[in-house]
Amino acid sequence: MNLEILTPEKKIFEGEVSSVIFPGADGSFQILNNHAPLVSLLQEGLVQYRVNDKTEQVAITGGVVEVLKNEVILLADGLKD
């Protein structure tokens with residue numbers, strides 16, 4: 001599936017991933033290939049994603065994620081230092 005991570009200032013990441021873990025408003029949740037469509041609010045925390053066999057992560061201050069047809073778009077409010 002394709003993951004795109006955007007902030008108001010710039011694009012942080014775009015590429016193929018095998019899974020993503022988000023800090024949801026009601027707790028962490030994972031997205032895998034062929035996941036059902038969803039839109040969810042995110043709280044401050046770590047977004048972890050698997051590229052090949054390597055786990056990458058980015059700390060966000062909150063945001064919104066949309067999942068539709070193996071396209072995952074994260075609109076982050078900002079990045080946490």
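This is a short tour of a predicted model, stop by stop.

**Stop 1: Asn2**

Select Asn2. Asn2 sits in strand β1, which covers residues 2-6. Is Asn2 buried or exposed? Asn2 counts as buried, because its relative accessibility is 13% and the cut-off for buried is under 20%.

Now show what surrounds Asn2. Leaving out residues up to four places away in sequence, Asn2 touches Glu14, Gly15 and Glu16, and also Asn70, Glu71 and Val72. Asn2 and Val64 are 62 residues apart in sequence. From C-alpha to C-alpha, the two are 16 Å apart in space.

**Stop 2: Thr7**

Move along to Thr7. Thr7 belongs to the loop between β1 and β2, where β2 spans 11-16. Thr7 counts as buried, because its relative accessibility is 12%. Which residues does Thr7 touch, not counting those up to four places away in sequence? They are Ile12, Ala76 and Leu79.

**Stop 3: the β3-β4 hairpin**

Select residues 19-24, strand β3, together with residues 27-32, strand β4. The two strands pair in the antiparallel sense, over six bridges. They form a hairpin, with two residues between them. Click on Ile21 and look across: Gln30 in β4 stands opposite.

While a strand is on screen, keep one general point in mind. Side chains in a regular strand alternate between the two faces of the sheet.

**Stop 4: the largest nonpolar core**

Next, go inside. The largest nonpolar core has 18 residues. Select Leu3, Val20, Phe22, Val47, Tyr49, Val72 and Leu74, the residues with the most contacts inside this core. Which elements give two or more residues to it? They are β1, β3, β6 (45-51), β7 (54-60), β8 (63-68) and β9 (71-76). Of these, β9 gives the most, with three residues.

**Stop 5: a patch on the surface**

Finish on the outside. Switch to a surface view and select Val39, Leu41, Val64 and Leu75. These residues form a nonpolar patch on the surface. Together they have about 370 Å² of accessible area.

Zoom in on Val39. Val39 is found in strand β5, residues 38-42. Val39 is exposed because its relative accessible area is 60%, and the cut-off for exposed is over 50%.

Note on methods: Residues numbered from 1 in each chain as written. Predicted model: local features only at pLDDT ≥ 70, side-chain atom pairs only at ≥ 80, totals over all residues. Heavy atoms only, no water. Helix = DSSP H or I, 4+ residues; strand = E, 2+ residues; numbered from the N terminus. Buried < 20%, exposed > 50% of the residue type's maximum accessible area, 1.4 Å probe, protein only. Contact = heavy atoms within 4.5 Å. Pairing = 2+ DSSP bridges. Core = buried A, V, L, I, M, F, W, Y, C linked by side-chain atoms within 4.5 Å. Patch = residues over 30% accessible without salt bridge, like charges linked within 9 Å, V, L, I, M, F, W, Y side chains within 5 Å. Areas by Shrake-Rupley, 256 points an atom, 1.4 Å probe, with all protein chains shown as cover. Salt bridge = Lys/Arg side-chain N within 4 Å of Asp/Glu carboxyl O.
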